[in-house]
Amino acid sequence: MASGARDPRAAPAGNGDVTEAGLRFAAPNGAVLHHVVRPGPNRPVVFANSLGTDLRIWQAVVAGLGPQTPLLLWDKRGHGLSEEGPVDMATHAADLAGLMDLHGLTDALVCGVSVGGMIALQLAADRPDLVAGLLLSNTGHRIGDAATWNARIETVEREGIAAIADPILERWLGPEYRASNPAQMAGWRAMLTRTPAAGYTATCRAIRDADLTEAARGITVPTLCLAGSVDGATPPQLLRDLAELVPGAAYRCLEGVGHLPSIERPAEVAQMLKDLAERIA
Ligand SMILES: O=C(O)CC1=CCC(=O)O1
């Protein structure tokens, strides 16, 4: 390498901002996907976000991982800056596999929240070569039931996401966080309500139609199931059930925390990922 040129595999020198590696767009599986990828010498960590959120929910977790950790974060179809398109859970997982293949990432720790956890389970079933460990945050082998998802889809199609934003935000974040962070709450509300309605409802249908029971039973990598004690969307019992299904999985619950621990307790989530990486190494 010419003197002064940077080794592209080296860790970046920056401050851990999730976007400093640069925003990228690629269509490895038919839809243009917005993503952030960062190189580094350690085991890669891949983040899969939840319904109505985009890759920014991992910002503070990424800052806690340090610059040696290669990263991949992406906005799933119909969310953030990614293109909309027909989607089911297998397509979401194939999108992620396409991005990992594009950037040469294998044997990653995959950290998924809510539907992101379902995508992680589907990825582990479909492409076990890509997954070395799982942090399944606030998710389930099934989430909700058909009637509830159909009602939500109808409301969003009729009135838009703003009509259901209040109860969603109450499930996302615990009472203490909501009371102490009014500006952040306005920001997360904007992220939710700016999600395209068609992209949002397409992923509602994907969740409604997904059953990851067999995928969970077939997991062979170290897995942590993480719950929040005041999560009204995927309550702790769902995570305990998931930990029973996944062979050898551990279970943890964060007190006072809602559906998105990556926002409420990022340092603890980062530490859990580091501990998981150490168990695998
Ligand atoms: O929007 C919610 O209620 C929380 C949620 C369920 C599935 C998901 O990804 O987020």
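**Cysteines and the ligand site**

Mentor: In this predicted model, Cys204 has a relative accessible area of 0%, so this residue is buried.

Trainee: And Cys225, is that one buried or exposed?
Mentor: Cys225 is buried, because its relative accessible area is 0%.

Trainee: How many disulfides does a search of the whole structure find?
Mentor: The search finds 0 disulfides. Cys225, for example, is in none; the nearest cysteine sulfur belongs to Cys111 and is 12 Å away.

Trainee: Turning to the ligand, which residues are around it?
Mentor: The residues around the ligand are Ser50, Leu51, Ser114, Val115, Trp149, Arg152, Arg171, Ile207, Ala233 and His259.

Trainee: How do the residues of that shell divide into nonpolar, polar and charged?
Mentor: The shell around the ligand has 5 nonpolar, 3 polar and 2 charged residues.

Trainee: What is 2.8 Å from an oxygen atom of the ligand?
Mentor: An N or O atom in the side chain of Ser114 lies at that distance of 2.8 Å from a ligand oxygen. A polar backbone atom of Val115 is 3.0 Å from an oxygen atom of the ligand. For His259, an N or O atom of the side chain is 3.4 Å from an oxygen atom of the ligand.

Trainee: How much of the ligand's accessible area does the protein cover?
Mentor: On its own the ligand has 290 Å² of accessible area, and the protein covers 98% of that.

Trainee: Lastly, which pocket is the space taken by the ligand?
Mentor: That space is the largest pocket.

Methods:
Residues are numbered from 1 along each chain as its sequence is written. This is a predicted model: local features need pLDDT of at least 70, side-chain atom pairs count only at pLDDT 80 or more; totals for chains, interfaces and linings use all residues. Side-chain values use heavy atoms; hydrogens and water are left out. A disulfide is a pair of cysteine sulfur atoms within 2.5 Å. Buried means under 20% relative accessible area, exposed over 50%, partly exposed in between (1.4 Å probe, protein chains only). A residue is near a molecule or strand if one of its heavy atoms lies within 4 Å of it. A polar contact is a pair of N or O atoms within 3.5 Å; within protein, one must be able to donate a hydrogen and the other to accept it, and residues adjacent in sequence count only if both atoms are side-chain atoms. Accessible areas come from the Shrake-Rupley method with a 1.4 Å probe; for residues, only the protein chains shown count as cover. On a 1 Å grid over the protein atoms alone, a cavity is a set of points where a 1.4 Å probe fits but cannot get out, and a pocket is an open set with protein on both sides within 12 Å along at least five of seven lines; lining residues have an atom within 4 Å of a point. A molecule sits in a cavity or pocket if more than half of its atoms lie within 2 Å of its grid points. Ala, Val, Leu, Ile, Met, Phe, Trp, Tyr, Cys and Pro count as nonpolar, Asp, Glu, Lys and Arg as charged, and the others, Gly among them, as polar.
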